[in-house]
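Please walk me through this chain, from its overall layout to its cores and its charged pairs.

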Amino acid sequence: MALTYNISDLAKEFDLTTRAMRFYEDMGLLQPERTGPGGRSRVYSGRDRTRLKLTLRAKRLGFSLTEAKEIIDMYDSPRDTGAQLQKFLLVLAEHQKQLEAQMTDLQANLDELKEHQREARALLAASSKKPAASRSAAKPSTQPNGDKNEPART
């Protein structure tokens, strides 16, 4: 008898919610056998467990669920292995290109952020080195008559 799992077993093993498991089923990534009254109970096979593990691995790598399904389904079909591997390599190359573009954008953002930090530190250092007299001289003073805009009367 082959090893089987219920939805709670796999959800717990892979730290998922049962709702996520049902979503993966709706996407066609998992195909549990239905048992019990009205087919309400799901029985997952070792194949389903492997497909779930591969799906989660693909997600960690940044693949969409559609891409994950396409790749996983390739290995379920009796097609030529060479063609499957070529397709897999194409998908990986495209994903790598996307990740490298994201890395380039992130590096540009980090470089800009560091430049703003340097500028802010330089301005802060320059403002703290000014003599106290020059800082107070820059502030408008109130004239004896109380009007800042009027010259003092003597």
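Is Arg34 buried, exposed or partly exposed? Arg34 is partly exposed, because its relative accessible area is 39%; buried means under 20% relative accessible area, exposed over 50%, and partly exposed in between, with a 1.4 Å probe and protein chains only. The model is a predicted one, in which local features need pLDDT of at least 70 and side-chain atom pairs count only at pLDDT 80 or more, while totals for chains, interfaces and linings use all residues. Residues are numbered from 1 along each chain as its sequence is written, and side-chain values use heavy atoms, with hydrogens and water left out.

The overall layout comes next. The chain has six helices and two strands, counted as DSSP runs (H or I of at least four residues for helices, E of at least two for strands) and numbered from the N terminus. Along the sequence they follow the pattern α-α-β-β-α-α-α-α. Of the 154 residues in the chain, 20% are buried. The accessible surface comes to about 11,700 Å², and carbon and sulfur atoms hold 56% of that area; such areas come from the Shrake-Rupley method with a 1.4 Å probe, and for residues only the protein chains shown count as cover. Among contacts in the chain with a separation of 6 or more, 44% link residues 24 or more positions apart, a contact being heavy atoms within 4.5 Å.

The nonpolar cores can now be placed. A nonpolar core is a set of buried Ala, Val, Leu, Ile, Met, Phe, Trp, Tyr and Cys residues joined through side-chain atoms within 4.5 Å. The largest has 14 residues, and those with the most contacts inside it are Leu10, Met21, Tyr24, Leu30, Tyr44 and Leu52. Two or more core residues come from each of helix 1 (7-13), helix 2 (18-26), helix 3 (46-60) and helix 4 (65-74). Helix 1 gives the largest share, three residues. Beyond its neighbours within four places in sequence, Leu10 is in contact with Tyr5, Met21, Tyr44, Arg49 and Leu52. A second, separate core has six residues, including Phe63, Ala68, Ile71 and Val91.

Phe63 is also one of the residues touched by His95, along with Leu61 and Gly62, when residues up to four places away in sequence are not counted. His95 lies in helix 5 (residues 81-129) and is buried, with a relative accessible area of 8%.

The charged pairs complete the picture. The chain has seven salt bridges, each a side-chain nitrogen of Lys or Arg within 4 Å of a carboxyl oxygen of Asp or Glu. Arg49, a contact of Leu10, forms a salt bridge with Glu13, with the closest N and O atoms 2.4 Å apart. Arg49 belongs to helix 3 and Glu13 to helix 1, so this pair ties together parts that are 36 residues apart in sequence. Arg49 is partly exposed at 23% relative accessible area, and Glu13 is partly exposed at 38%.

Within helix 4, Lys69 and Asp73 are four residues apart, separated by about one helical turn. Their side chains meet in a salt bridge of 2.4 Å, N to O. Lys69 is partly exposed, with a relative accessible area of 25%, and Asp73 is partly exposed, with 24%. Elsewhere, salt bridges with shared partners join Glu25, Arg34 and Arg42 into one network. In the bridge between Glu25 and Arg34, the closest N and O atoms are 3.1 Å apart. Glu25 is buried, with a relative accessible area of 15%, whereas Arg34 is partly exposed.
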